[in-house]
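Please read it with the sequence and the model side by side.

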Amino acid sequence: AFIFSPVFYSIGKYIFQIQFPYSVLFTSFSTLLVVVLISIIFPKTEMSILVNFYKTVKPPGYFWKNWANENNIELNQNVVSLFQLSVLTLAGIGLVFSGLFGIGFFIFGNYLNFALSGAVCILSLVTTVKLFPKEFEA
């Protein structure tokens, strides 16, 4: 998808002369279509590779728990709830954007918004550290 997006954007913009915002739709749907077709056409990943990935990376999450249970694979760690994943996602977005906007506010001398961005950044960081899943000790 990383490679297809700029290719389809260029095709839509320069060959078909598609203007914004329709160029975004063309790029998104074209990339999605190609990724789905590639997923259907090419063979599935071998189970041994997936099991090795699971045992090496130990990914948390609800969907990996279901996959491990369906394939009779021992779970590596506690499963993270969907609520916890949602909060971690929001905390990550808050961390990134408050940092980026905070730097911009500081550069342009808007110190009140810089302080607010700093507070959001610290809150997001604390939330991430507190809620991030811990691995089992082997």
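Contact here means heavy atoms within 4.5 Å. On that basis, and leaving out residues up to four places away in sequence, Ser 5 touches Thr 27 and Thr 31. The model is a predicted one. Two helix pairs are described below: helix 1 with helix 2, which pack at an angle of about 135°, and helix 5 with helix 6, which pack at about 150°.

**Helix 1 and helix 2**

- Two packed helices are described by the angle between their axes and the distance between the axes.
- Helix 1 covers residues 4-15 and helix 2 covers residues 22-41; the angle is about 135° and the axes lie 9 Å apart.
- Angles under 35 degrees count as roughly parallel, over 145 as roughly antiparallel and 65 to 115 as roughly perpendicular, with the rest oblique; helix 1 and helix 2 are therefore oblique to each other.
- The crossing of helix 1 with helix 2 is right-handed.
- From helix 1, the contact involves Phe 4, Ser 5, Phe 8, Tyr 9, Ile 11 and Gly 12.
- These meet Ser 23, Phe 26, Thr 27, Ser 30, Thr 31, Val 34, Val 35 and Ile 38 of helix 2.
- Sorted by class, this contact of helix 1 with helix 2 has eight nonpolar and six polar residues, and no charged ones.

- Ser 5 lies in helix 1 and is partly exposed, at a relative accessible area of 28%.
- Between Ser 5 and Ser 28, which are 23 residues apart along the chain, the C-alpha separation is 7.2 Å.
- Ser 23 lies in helix 2; its relative accessible area is 4%, and buried means under 20%, so Ser 23 is buried.
- Ser 23 touches Tyr 9 and Ile 18, when residues up to four places away in sequence are not counted.
- Leu 33 and Phe 53 are 20 residues apart in sequence, and their C-alpha atoms are 27 Å apart in space.

**The loop between helix 1 and helix 2**

- Most residues other than glycine have a negative phi, and most peptide bonds are trans.
- Gln 17, in the loop between helix 1 and helix 2, has a positive phi of about 60° although it is not a glycine.
- Gln 17 counts as exposed, at 52% relative accessibility.
- Pro 21 is found in the loop between helix 1 and helix 2, and a cis peptide bond with omega of about 5° joins Phe 20 to Pro 21.

**Nonpolar core**

- The largest nonpolar core has five residues: Val 51, Tyr 54, Trp 67, Ala 68 and Ile 73.
- Helix 3 (47-57) and helix 4 (62-70) each supply at least two residues of this core.
- Ile 73 is in contact with Val 51, Tyr 54, Trp 67 and Ala 68, leaving aside its neighbours within four places in sequence.

**Helix 5 and helix 6**

- Helix 5 (residues 82-107) packs on helix 6 (residues 111-131) at an angle of about 150°, and the axes are 8 Å apart.
- An angle over 145 degrees counts as roughly antiparallel, so helix 5 is roughly antiparallel to helix 6.
- Helix 5 and helix 6 make a left-handed crossing.
- Residues of helix 5 in the contact include Gln 84, Val 87, Leu 88, Ala 91, Gly 92, Gly 94 and Leu 95.
- On the helix 6 side, the contact residues include Tyr 111, Asn 113, Phe 114, Ser 117, Val 120 and Cys 121.
- By class, the contact of helix 5 with helix 6 has 13 nonpolar and 10 polar residues, with no charged residues.

Conventions. Residues numbered from 1 in each chain as written. Predicted model: local features only at pLDDT ≥ 70, side-chain atom pairs only at ≥ 80, totals over all residues. Heavy atoms only, no water. Core = buried A, V, L, I, M, F, W, Y, C linked by side-chain atoms within 4.5 Å. Buried < 20%, exposed > 50% of the residue type's maximum accessible area, 1.4 Å probe, protein only. Helix = DSSP H or I, 4+ residues; strand = E, 2+ residues; numbered from the N terminus. Axes fitted to C-alpha atoms, helices over the stretch in contact; angles between N-to-C directions. Left-handed = near helix turned anticlockwise from the far one by under 90°. Nonpolar A, V, L, I, M, F, W, Y, C, P; charged D, E, K, R; others polar.
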